[in-house]
Amino acid sequence: RILHFHSDIKIKKNRKVLVTETIKVKVDGDEIKRGIYRNIPLWYEGKISTYRVAFDLKSVKKNGQTEPYFTEWGDNGIYIYVGEEDVMLQPDYYTYEIQYELDYVVQMLDQVDELFWNVNGNGWELSADTVSATFHLPKGATVKQYKAYTGIIGQTGQDFDVAQNGSDFTIVTNR
């Protein structure tokens with residue numbers, strides 16, 4: 001079971017985005033056996049064409065320690081498989097951290113800059129009890145407007161709360 005999925009998103013002045021995902025899970029040996037996998041979408045349909053997001057995996061950890069992983073490209077992005085094929089996890093609580101840097105996800109529009117990002121992706125077979133994201137804006141930047149949605153791909157649910165503290169902006173699901 002995924003207890004909590006948190007994405008800490010630091011938007012840099014050069015428009016690159018550093019993402020640190022913290023995924024807390026309860027392992028009972030049914031769905032999560034050797035570790036977790038993460039599907040990160042990197043191709044998006046624009047108004048004119050499909051565009052690809054640049055991706056650089058920085059680190060993968062389990063309970064604060066570097067964890068073995070491997071990656072493979074999928075239909076719409078990259079899959080990160082965390083854990084070892086010959087090591088079964090004991091029933092317990094585990095915290096995974098995946099850190100990566102993105103480029104080409106912040107678009108410079110006429111009046112505003114826009115970050116379009118699917119915080120927890122679409123490839124999960126398990127739902128998460130809660131999902132949250134904190135956005136750290138560059139110094140001097142402010143949030144003028146936002147749109148956020150909950151639910152499966154294509155849904156426009158509004159089951160979340162928002163808090164803003166200076167240039168930090170946090171969204172937390174409430175259902």
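Predicted model: local features only at pLDDT ≥ 70, side-chain atom pairs only at ≥ 80, totals over all residues.
Local features need pLDDT of at least 70 and side-chain atom pairs count only at pLDDT 80 or more, whereas totals for chains, interfaces and linings use all residues. Residues are numbered from 1 along each chain as its sequence is written, and side-chain values use heavy atoms, with hydrogens and water left out. With a salt bridge taken as a side-chain nitrogen of Lys or Arg within 4 Å of a carboxyl oxygen of Asp or Glu, the count comes to six.

- R1 and D129 meet through their side chains in a salt bridge, at 2.7 Å from N to O; R1 lies in the segment before strand 1 (2-11) and D129 in strand 13 (residues 128-136), 128 residues apart.
- Between E101 and K12 there is a salt bridge whose closest N and O atoms are 2.6 Å apart, and this pair joins strand 10 (residues 92-103), which holds E101, to the loop between strand 1 and strand 2 (17-27), which holds K12, across 89 residues.
- Strands here are DSSP runs (E, at least two residues), numbered from the N terminus.

**A further pair**

- D56 and K58 also form a salt bridge, with 2.9 Å between the closest N and O atoms.

**Accessibility of the partners**

- Buried means under 20% relative accessible area, exposed over 50%, and partly exposed in between (1.4 Å probe, protein chains only).
- E101 counts as buried because its relative accessibility is 13%, while K12, at 28%, counts as partly exposed.
- R1 is partly exposed at 47%, and D129 is partly exposed at 37%.
- D56 is partly exposed at 34%, as is K58 at 42%.

Definitions and conventions
Helix = DSSP H or I, 4+ residues; strand = E, 2+ residues; numbered from the N terminus.
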